[in-house]
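Subject: Structure handover

Hello,

Here is the structure for your files. My notes on the contact between its domains follow below.

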Amino acid sequence: MKKQYINTLILIIMPSWASAQLITWTDTSPNALAPFQNNAQQVADLAGSDIFLYSHPVQNIQFNSKNGLRHYNNVQFSTAALVVNATPQQIYDTLKNYSGYVGLFPSLKKANIIESHGNISVVKYRVSIPTPIKILNFNEDAIIQHQLTHNSLSALLVDSPVQYGMSKIQWFALSPQKSLITITQWNDLHHTKGFLLNAILKAMPEVREAVPYVGNSFVMEALNLKFNGKMPTKVLDIGKVPTKSFDSNQYQQLIQLTQNTQQPVAFIHPSHAVQYQHGLEALRFTTSYQYFKTPPKKTQQLLQPMTYQTLFPRQIKKIDLIAGQAPVQDAFFQVRVGLGVINIPFNLRIRFSPIANGMNMYAVGGDLKFAKTRMMIQPYAQGSVWTMTTASKIDASAPFLLRAMRSLPYHDVLPSTAVAKVIHKKALEKLGL
């Protein structure tokens with residue numbers, strides 16, 4: 001009788017406990033293809049062999065969370081898109097295997113399904129990023145609710161250092177062996193927890209600007225390596241940077257998107273080798289485009305060395321101009337990156353070399369040896385388009401505190417993506433837009 005009573009009690013209690021962790025949620029994130037007339041081939045043609053990053057117009061959303069219904073006005077989702085050598089079925093099989101994310105995504109150490117019902121699963125992940133500086137070690141758990149369909153995987157943050165957010169991965173067939181894969185996400189970076197994350201966001205609020213593109217790039221780079229493998233490195237001619245080619249309709253479409261969203265569009269290129277005195281060095285460039293309402297003459301102030309101390313006063317402490325052969329100008333930057341728990345000081349000597357409608361900037365000394373940027377300003381309608389192609393990589397002989405950043409996943413890819421996103425926001429402020 002006692003045993004039967006216990007069994008009955010368990011049956012009564014278990015259903016309410018089991019369903020308590022599942023959140024009734026309707027994915028309100030936009031379709032990744034919405035800015036392109038829901039045409040996957042259009043997006044694939046723009047992406048080419050690059051990771052394509054863009055934002056959506058602002059929208060209002062509401063959704064259920066573990067803390068109840070939440071409402072947000074004027075949130076902005078961001079998307080990354082990539083063409084992969086895989087069928088939709090191969091992508092589906094990869095993404096439905098949550099435990100297989102360990103090994104797919106660097107820094108992910110554990111993935112345990114704690115509840116599953118039909119196409120909905122709640123998964124607990126363990127993220128670990130060790131660094132040579134113990135105070136910067138990141139070890140956190142994240143609980144995410146996934147909803148899987150035949151061509152999408154939605155995710156809702158249930159409990160993590162970023163408390164509220166959502167994402168959606170979608171995939172679209174292009175040809176028998178090629179697909180377009182996208183990720184669209186939004187996170188509330190004003191409700192976070194955890195000492196390290198809060199310290200970094202307080203010390204560097206600009207990080208909030210970079211997170212959407214950097215997070216999407218992280219996922220796409222992992223899937224790029226999974227389905228496309230490591231692509232051969234292209235050797236650049238001396239003085240050159242990677243370029244993108246668009247027809248007039250594509251270019252107009254991209255610039256109109258930056259006008260509508262007030263965010264840049266960007267492309268992460270495959271590896272390119274740059275020639276240095278010691279030989280070839282592989283770099284990952286990011287090219288970004290942004291429309292400004294200001295005419296080219298006013299926008300050109302963004303090409304001048306001293307402008308950058310006003311753009312980044314927290315980080316750039318001093319700029320010394322070094323006399324050289326005009327019009328080439330060297331600038332010595334004293335930089336201090338404060339992460340809330342530690343400061344990382346380093347120096348840069350950057351050569352500014354004017355070209356038609358723009359400027360080449362590249363490292364010729366200091367602690368960051370591999371840094372190369374080209375900025376171009378072109379007239380467009382009543383304003384101008386600022387194009388920036390940039391790459392940077394920390395070498396193995398950099399000072400210890402700077403070198404420690406090499407332990408971060410994709411350290412040769414994500415910093416340039418972050419710079420491209422943040423600098424465009426700073427430029428809007430500088431131009432009074």
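How far apart do the C-alpha centres of domain 1 and domain 2 lie? They lie 26 Å apart. Domain 1 covers 34-228 and domain 2 covers 234-431, with bounds from an automatic or database domain assignment.

This is a predicted model, in which local features need pLDDT of at least 70 and side-chain atom pairs count only at pLDDT 80 or more, while totals for chains, interfaces and linings use all residues. Residues are numbered from 1 along each chain as its sequence is written, and side-chain values use heavy atoms, with hydrogens and water left out.

Between the domains, 44 residues of domain 1 are in contact with 40 residues of domain 2 (heavy atoms within 4.5 Å). About 3700 Å² is buried there, 68% of it from carbon and sulfur atoms (accessible area, 1.4 Å probe, lost by the two parts on being put together and summed over both). On the domain 1 side, Leu46, Glu206 and Glu209 supply 17% of the area buried against domain 2, more than any other three residues.

Four salt bridges are counted between domain 1 and domain 2 (a side-chain nitrogen of Lys or Arg within 4 Å of a carboxyl oxygen of Asp or Glu). Glu209 also forms a salt bridge with Lys421, with 3.5 Å between the closest N and O atoms.

Regards
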